[in-house]
Amino acid sequence: MPYEKELAALSDPTRQAIIQRLRLGPQNVARLAEGFPISRPAISQHLKVLSDAGLLSVTPNGTRRIYALSPDRMRDLRDWMNSLWDDARGAFSRAAHDLAKEGTPNDRSD
Amino acid sequence: MTDPIEKTLVVPLPPDRAFDLFTNRMASWWPLDKHSLSAGDGKVAQDVAITPKVGGDVTETKHNGTTVVWGKVVTWQPGKAFAMTWQLDRPEDEVTYLTITFDAEDDGTRVTLIHDGWDAIPEPAQASRGHYSTGWEFVLCDRYKSAAQ
């Protein structure tokens, strides 16, 4: 799957919570870590996974790094997800048309 | 509130045959090479099959022969409606619902697919206690879409 990495990154509850926190705006690690019952290095590790998956943007600000949601990437992901159902719909439609051409065994009059 | 994902199409088959194709013959049309758990490993799934009764499993047979349950049948009305939980590897309280309805039209059947149940997804306050809900990647997508705005 093209977005395997993103999905794996999103499959963790803490990382989901980080995403929710970043909805409120960009934040640095120290600020982000305040809301979680886990250590700052642990938060950093989660941020790395999200960043590596392309889901967050990281901006240096002095000695700190500011993390923000990466909207373009997310839009791409959403588009791909939507396309899964479009694929399934297209595949089903083709199969249905093929089946219709075959006709039913009972209504062949030739 | 997250809107359900909805897709519709009209197929040139009567409802009972459209239903039969969608459910009993799912493996004949589902893109197993692209959309399966096997596809996540770069492989093609061997099969996907629905046990045709309420409570029945919807099962993928992976490329290596192992089976994995996608969800369970919650509505089984041949020719009318099929619904299932869309669970994959999530806990039971983190499922979403897929409903397919089949409505007769003049020249065939309107098939409507609705993927719903996002309301179980907690808002940020709830997310902070580590409880979150996702049945399938679409959940993440929808959350992502709203998060990105």
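This report describes chain B, a sheet in chain A, and the aromatic pairs of a predicted model.

## Basis of the values

The model is predicted: local features need pLDDT of at least 70, side-chain atom pairs count only at pLDDT 80 or more, and totals for chains, interfaces and linings use all residues. Residues are numbered from 1 along each chain as its sequence is written, chains are lettered from A and ligands numbered from 1 in the order in which they are written, and side-chain values use heavy atoms, with hydrogens and water left out.

## Chain B overall

Chain B holds three helices and seven strands; these are DSSP runs, with helices as H or I of at least four residues and strands as E of at least two, numbered from the N terminus. Read from the N terminus, the order of elements in chain B is β-α-β-β-β-β-β-β-α-α.

Chain B has 149 residues, of which 51% are buried. Buried stands for under 20% relative accessible area, exposed for over 50%, and partly exposed for values in between, with a 1.4 Å probe and protein chains only. Among the contacts in chain B with a separation of 6 or more, 39% are between residues 24 or more positions apart, where contact means heavy atoms within 4.5 Å.

## Strands of chain B

Strand S5 (residues 81-86) of chain B pairs with strand S6 (residues 96-105) of chain B in the antiparallel sense, over six bridges. Two strands count as paired if DSSP finds at least two bridges between them. In this pairing Thr85(B) is opposite Tyr97(B) of S6(B). S6(B) is also joined to strand S7 (residues 108-116) of chain B by nine bridges, again antiparallel, and Leu98(B) lies opposite His115(B) of S7(B). Two residues separate S6(B) and S7(B), which form a hairpin.

Thr59(B) belongs to strand S3 (residues 57-61) of chain B. Its relative accessible area is 18%, so Thr59(B) is buried. Leaving aside residues up to four places away in sequence, Thr59(B) touches Asp47(B), Val48(B), Ala49(B), Thr67(B), Val68(B) and Val69(B).

## The sheet of chain A

In chain A, three strands make an open sheet in the order S1-S3-S2, with antiparallel pairing. Strand S1 (27-28) and strand S2 (56-61) of chain A are the edge strands, each pairing on one side only. Six bridges join S2(A) to strand S3 (residues 64-69) of chain A in the antiparallel sense, and Pro60(A) stands opposite Arg65(A) in S3(A).

Helix H2 (residues 13-22) of chain A packs on the sheet and touches S1, S2 and S3 of chain A, its direction making about 90 degrees with that of S3(A). Helix H4 (residues 40-52) of chain A also packs on the sheet, touching S2 and S3 of chain A, at about 120 degrees to the direction of S2(A). Axes are lines fitted to C-alpha atoms, for helices over the stretch in contact, and angles run from 0 to 180 degrees between N-to-C directions.

## Aromatic pairs

Over all chains, the whole structure contains 10 aromatic pairs. Rings of Phe, Tyr and Trp (its six-membered ring) pair if their centres lie within 6.5 Å; planes under 30 degrees apart are stacked, over 60 edge-to-face, and the rest tilted. The ring centres of Phe19(B) and Trp76(B) are 4.9 Å apart and the planes lie at 70 degrees, so this pair is edge-to-face. It links distant parts of the chain, with Phe19(B) in helix H1 (residues 15-22) of chain B and Trp76(B) in strand S4 (residues 67-77) of chain B, 57 residues apart.

Phe19(B) is buried at 2% relative accessibility, and Trp76(B) is buried at 17%. Ring pairs link a cluster that includes Trp85(A), Phe92(A), Phe19(B) and Trp76(B).
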